[in-house]
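Here's a quick briefing to read with the structure open beside you. It goes from the domains to the chain contacts and then to the sheet.

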Amino acid sequence: MPNQDITEISGVWTSSEVTAIQNWISSQEGIEALDTCQQLAKVQSKEIVEIAKVDASILKVPFIFNM
Amino acid sequence: MPYKVLRYSIENLKKCFIEQATAHEEVVSSKQHLACFENYFSHIGVKTIIVEKDYVNREFLEDYSSYYVRSFKDYKRHCVRLHFFKIEISEEDFSLILEGTPKGICAKNLQENYQGFMVLKPLPITIIGKTCISTYEEDNKRHFPTIRKYHANLYGINLSVESLAYQEQDSIVAACASSSIWSAFHRTAILFQHSLPSPVEITKWATRHFPFANRHFPNKGLSAEQMAIAIREIGLEPLLSGVNTYDTLKATVYAYIRGKIPIVFGFDLWDVNNNSSTTPARNFGAHAITITGFNETNIISNKFETVDNLTLRSSRIDKFYTHDDQMGPFSKIEFNDFEVWNHNKGSIKCLDMTWKDINGNKGNIKAGPQIIIIPLYHKIRIPFTSVLTSINFFNNLFIPLIGRIPNFQLFEWDIFLSDISDFKSDILNDSKLESKRKKEILLTKLPKFIWRAIGRIKNENCLEFVFDATDIDQGSFFILTVNYNTNVYLQYNLLLKKYDSKNMEDFSAKSMIESLQ
């Protein structure tokens, strides 16, 4: 996809909406909001990995069931 | 006569079991498997059983030569193989086919209506040997990515069925753990090119490094550690993952099972008869089964674990199909939010099983997830969690925009392992991809195993990120972007155009962003 200057997306965003979106993203409020979400993602990454960790005590439990 | 043609009925199947088993009729009739087969065979429409007597089964022969042959009692070494068909076949029809003068039903009809086979071992009770039965019909909901083709030759008639081999534990050379690994190996042997060990070999490998443990044969079970050793012995790497919660269990199983890898699932068994905060549930052991497929619904959650706004396709799963050696092939375990209460462990979110309790009632036996063991080719180095965290970094960037801008919504992520051939076939057959880009992707050199993360909106693929599953877990393992929907691509291009990703901590997420700028 060529890297073109987008002024509108037909049927999705008008040119004034595009301008407003771009303005918000480069505003101080936008930058801070995105940074906050990245910090949150960092914390969540640790949680995701932690949840999937295997408790060492489970490794020794025999799976033995037989009716 | 070396064969018998029977009209299918559960009574006739029971008779076959009783004739083969040496235990008392009542013991054989009480096997839970019969109820499972009755339900399953009526679903797949079995009408006829052809009994092939004196059948030599490689798997049983190896178990026999390793153990049973040295018994004082004279155990037989030949098995019986039952073939199932979804058309009515008479003794005369089959006889005429063998004489080469078919009238009405011919060999082609047998091939077209073949529903699989079941080997019955000459043992007292645990007689169900290698069983390959066709699956429930696959549709948009039921998926069986782990099945493969099995061939059978019935007196010169070539038959085939798409399935995954199943057998019950004999509690002598193999317990549930060995049986579940044996089923998983039946798929990984094709995927990763390794030999197919019998249950007795799996048990021997698993226990080799535990000389001080209790006796290995008769085998009463394996620990997760021992199962991991058996997997390593075949040349694969065991990936062990904790799955105490629904979300992690669904997402991890989905990610690997879509890559055609069957998964060994270990769990606690709970009997919840009269369970309440004052009457704790009774734990009666740990069990291992093989997850072979899944069912998905239209219900979707926009949350993964503690992560809000991360929507995964895997959260649509409401049940797994499993090879449970105590129940049968493709038996269901369901996510019904049932919480078991126990003094030691508190509240445990369990899955519903179709087992009957000691009183013969269904609905009281629950599975408390513990661990999954995934047999992986050693070059699949990047784990699912690494891809998930990169996707979450990317997804999080757009959370502040929800509700702030019109016609924009976050993706539902479809994350799974794939090999290069399946990926390129999907690309070739996709009608929405721009032709130039399609050709470019098809001609791109890619690693054998990849992770695919497809961003979907309303069940339509919009944007895909492809990752190198064979890379090392440092730096970026992102490879390329596939754009299925131009408007969505333009939206992301516009939103990310001025974003400065230099401080992004996740290198793969950083590369994903740069691919869209």
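**Domains and contacts in a predicted model**

Residues are numbered from 1 along each chain as its sequence is written, while chains are lettered from A and ligands numbered from 1 in the order in which they are written.

**Domains of chain B**

- Where domain 2 of chain B meets domain 3 of chain B, 13 residues of domain 2 are in contact with 13 residues of domain 3 (contact means C-beta atoms, placed from the backbone, within 7 Å).
- On the domain 2 side, the elements giving two or more residues are α10 (246–257) and β15 (311–312) of chain B; helices (H or I, at least four residues) and strands (E, at least two) are DSSP runs, numbered from the N terminus.
- α10(B) brings the largest share of that side, four residues.
- By type, that side of domain 2 of chain B holds seven nonpolar, four polar and two charged residues (Ala, Val, Leu, Ile, Met, Phe, Trp, Tyr, Cys and Pro count as nonpolar, Asp, Glu, Lys and Arg as charged, and the others, Gly among them, as polar).

**Chain B against chain A**

- Here 53 residues of chain B are in contact with 38 residues of chain A.
- Helix α14 (residues 486–496) of chain B gives the most to chain B's side, with seven residues.
- That side of chain B divides into 24 nonpolar, 24 polar and five charged residues.
- Strand β1 (residues 62–63) of chain A and strand β9 (residues 222–223) of chain B run antiparallel, joined by two bridges (strands pair if DSSP finds at least two bridges between them).
- In that pairing, A:P62 sits opposite B:S223 in β9(B).

**The five-stranded sheet**

- Chain B has an open sheet of five strands, ordered β15-β20-β21-β22-β23, with mixed pairing.
- β15 and β23 (478–483) of chain B are at the edges with a single partner strand each, so one side of each has no neighbour in the sheet.
- Strand β22 (residues 460–468) of chain B pairs antiparallel with β23(B) over five bridges, and B:L463 stands opposite B:N483 in β23(B).
- α14(B) lies across β22 and β23 of chain B, at about 60° to β22(B) (axes are lines fitted to C-alpha atoms, for helices over the stretch in contact, and angles run from 0 to 180 degrees between N-to-C directions).

Conventions
Predicted model: local features only at pLDDT ≥ 70, side-chain atom pairs only at ≥ 80, totals over all residues. Contact = placed C-beta atoms within 7 Å.
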